Amino acid sequence: YEIVSFEEKADVYVINTCSVTNVADKKSRQMLHRAKAKNPDAVVVAAGCYVQAAADKLREDAAVDLIIGNNRKADLVPLLEAWFAGKEIRESITDLAGSNEYEKLHINKQAEHTRAFIKVQDGCNQFCSYCIIPYTRGRVRSRRPEEVVAEVRELAAAGYQEVVLTGIHLSSYGVDFKEEENENLLSLIRQVHEVEGIRRIRLGSLEPRIITDDFAKALASMPKFCPHFHLSLQSGCDETLKRMNRHYTTEEYAAGCDILRRYFDNPAITTDVIVGFPGETE
């Protein structure tokens, strides 16, 4: 298999779909149909979140040949081999509701030359009232810290100097491990910090409640850590936050920002806000 640009005529098109909004659903469908239009004889593969949310629709879609759910992306090549061998295997989907298996996908290079994104956690247990992610991604599953460190070492040896630790709900990293293991996001960052060759560590989006004095103080003591915090606010109204099933108040959010400013000279704090949530007034 050789990777070519989307603009070239390909034998196989893999569309890694999103389902976080109805617009994302629509774009996923459009991209699948665009791929089929480019080469009607090609194998069009739908993978990812839209598959988990709408598998029945995709089974009936003439533009889609193979469907692969989350936690099954490593099955891509075997599924294609079966397709080309004329076997009647068209899908690989797991019901993630009861799964605690972490999908093992290892990287040793990325398109960027100096920065690597490392996924350390999948799934979410929060069930915010507006969000489909627990249903398309399943429950919290954390990657073993020794596996993360091994990958970071490999990337450092390949010349990468900056890593971004990412996850679907990064703040809950380690909650699915045994209590006596004492593993959490902070302990993982400490281990990554020890890897020679890595000069910068960044984090993906964080739950506001993870910001405590101990957490901020520990991060401030690590010279490789870049103080950019993406704390999802979603609403500046306590009543709306309650309807959203977000488990914090605006006061607690502001207190977290104050803590960060206490331990870092000039932290970058970014956020997300949902506007016009059901029940909001002008």
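Here are some questions and answers about this structure, which is a predicted model.

Me: Which side chain does the side chain of Arg 143 join in a polar contact of 2.5 Å?
Reply: Arg 143 has a polar side-chain atom 3.2 Å from the backbone oxygen of Lys 119, but that's a backbone atom on the Lys 119 side. The 2.5 Å contact is between two side chains, and the partner of Arg 143 there is Glu 151.

Me: How does Phe 84 count, given its 48% relative accessibility?
Reply: Phe 84 is in helix H3 (residues 76-84), and together with Tyr 1 and Val 77 it makes a nonpolar surface patch of about 360 Å². Exposed would need over 50%, and buried under 20%. At 48%, Phe 84 therefore counts as partly exposed.

Me: In E8, what is the bridge partner of Val 164?
Reply: Strand E7 covers residues 162-167 and pairs with strand E5 (residues 115-122) in the parallel sense over six bridges; Arg 115 has Glu 162 as its bridge partner there. E7 also pairs with E8 (residues 200-203), again in the parallel sense, over four bridges. In that pairing, the partner of Val 164 is Arg 202.

Me: Which helix makes a β-α-β unit with E7 and E8?
Reply: E7 and E8 are parallel partners. The unit they belong to is right-handed, and its helix, residues 185-193, is H6.

Technical notes
Residues are numbered from 1 along each chain as its sequence is written. This is a predicted model: local features need pLDDT of at least 70, side-chain atom pairs count only at pLDDT 80 or more; totals for chains, interfaces and linings use all residues. Side-chain values use heavy atoms; hydrogens and water are left out. Patches are made of residues with over 30% relative accessible area and no salt bridge: like charges are joined within 9 Å, nonpolar side chains (Val, Leu, Ile, Met, Phe, Trp, Tyr) within 5 Å. Accessible areas come from the Shrake-Rupley method with a 1.4 Å probe; for residues, only the protein chains shown count as cover. A salt bridge is a side-chain nitrogen of Lys or Arg within 4 Å of a carboxyl oxygen of Asp or Glu. Helices (H or I, at least four residues) and strands (E, at least two) are DSSP runs, numbered from the N terminus. Buried means under 20% relative accessible area, exposed over 50%, partly exposed in between (1.4 Å probe, protein chains only). A polar contact is a pair of N or O atoms within 3.5 Å; within protein, one must be able to donate a hydrogen and the other to accept it, and residues adjacent in sequence count only if both atoms are side-chain atoms. Two strands pair if DSSP finds at least two bridges between them. A crossover is right-handed if, with the strands pointing away from the viewer, the path from the first strand over the helix to the second runs clockwise.
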